[in-house]
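Student: I am new to this structure. Please take me through the pockets, one step at a time.

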Amino acid sequence: MQAIVLVGGEGTRLRPLTYGTPKPMVPIMGVPFLARTLHRLRDAGITDVILPAGYLPQAIVDYFGDGSQLGMKITYVIEKVPLGTAGALKNVEEHVTGSFLVLNGDILTSLDLGAMVAEHRRKGGIGLIHSIRVDDPSSFGCIVCDSDGCISAFVEKPPKANAPTNVINAGTYLFEREVLDLIPAGRNVSIERETFPAIIASRRLYSYTTDDYWMDLGRPDEYLQAHADILAGRMPMLQPPFPIRSYVEADATIDPAAQLGPNAVVGTGSTVGPRAVVRDSVLWDGVTIEEGAVVEGAIIATGATVGRDAHVHEDSVIGHYTAVPAGAVLEKGSRVGATAPISR
Ligand code: GTP
């Protein structure tokens, strides 16, 4: 079994974070998200991984190399232009030897990949799509299936009142190699809009619904919620007891008179000064929160500084190496930092 992890998206909704870090490398509890995904694959016994990349690919290649340090084999295929979620699969066809898993590079889930592989072997068919139930399916792709799990329709982003079901595509797939024959070559193809309907027109494709934790990390609020869920023990990643008020890397410096938490994550080499307040926020590496500054509900990227007595309000994002001046007030939903891709 091989795995293809889609890592070529621009992550526009996470800007300015994704101007300095491609979305798959965004840290979750201090570790690049893609590293966690690769560990999950390895734990399931899958060590042959293909990474279709394209946006800031060097950051990914520099971190993982050929995969040997992880005991894995990683093959990179760099797209000159984005080929979309199915076009990217077609583009790596020459490296695919048999059945393969496909993982979106931005889904945090407790799904047991080994159990999914076993389910596919039991069911047969050309593939299996992991699905979950949600309260409101209107911003997702709905899956309609029979009692055996065989999919009959996909309905993209239905209005809540008209949604045919609350079962949604959860972004992890397992396919037989023939699926690649159904994807046109050389152009941008969306797996959700083009390939899934093409598959179910002629072949049996199954839905695999589980009750796992699941979060798409595409938006800043989702990224912050994922950290809150990990600290609360809803997503299994840390050791109990839960809830954990704040998570601080060993070499971060927190002044005794600072207030941390709830839901504060402080990265390597970061500093939180006297009387500063950090809650419901994630600080990446080398961040400085100066004396008296208040950060609530924000993401602060690598090397950024929040100046003395500044106040960063909810749902704000501060980009890499950006300085928020002393005394500044950043209103709810602020985006501050680079406006184009940077590399340092
Ligand atoms: P937004 O711009 O914020 O929508 O993010 P995105 O396009 O990076 O991610 P989206 O959620 O739309 O895509 C789901 C997954 O597919 C992510 O892991 C992306 O990295 C990946 N992806 C999206 N488009 C492409 C593409 O054209 N090529 C490759 N190789 N991967 C892609």
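**The second largest pocket**

Tutor: The lining of the second largest pocket divides into 18 nonpolar, nine polar and four charged residues. Here Ala, Val, Leu, Ile, Met, Phe, Trp, Tyr, Cys and Pro count as nonpolar, Asp, Glu, Lys and Arg as charged, and the others, Gly among them, as polar. The model is predicted: local features need pLDDT of at least 70, side-chain atom pairs count only at pLDDT 80 or more, and totals for chains, interfaces and linings use all residues. Residues are numbered from 1 along each chain as its sequence is written, and side-chain values use heavy atoms, without hydrogens and water.

A pocket is an open set of points on a 1 Å grid over the protein atoms alone, where a 1.4 Å probe fits, with protein on both sides within 12 Å along at least five of seven lines; lining residues have an atom within 4 Å of a point. Volume is the space filled by probe spheres set on the points, which are joined across faces, edges and corners. For this pocket it is about 630 Å³.

The lining has 31 residues. G20, T21, M25, T302 and H320 lie nearest the centre. α3 (57-64) gives the largest share, five residues. β2 (27-28), α7, β17 (264-266) and β20 (281-283) each supply at least two. Helices (H or I, at least four residues) and strands (E, at least two) are DSSP runs, numbered from the N terminus. Domain 1 (2-216) and domain 2 (245-336) each give at least three lining residues; these bounds come from an automatic or database domain assignment.
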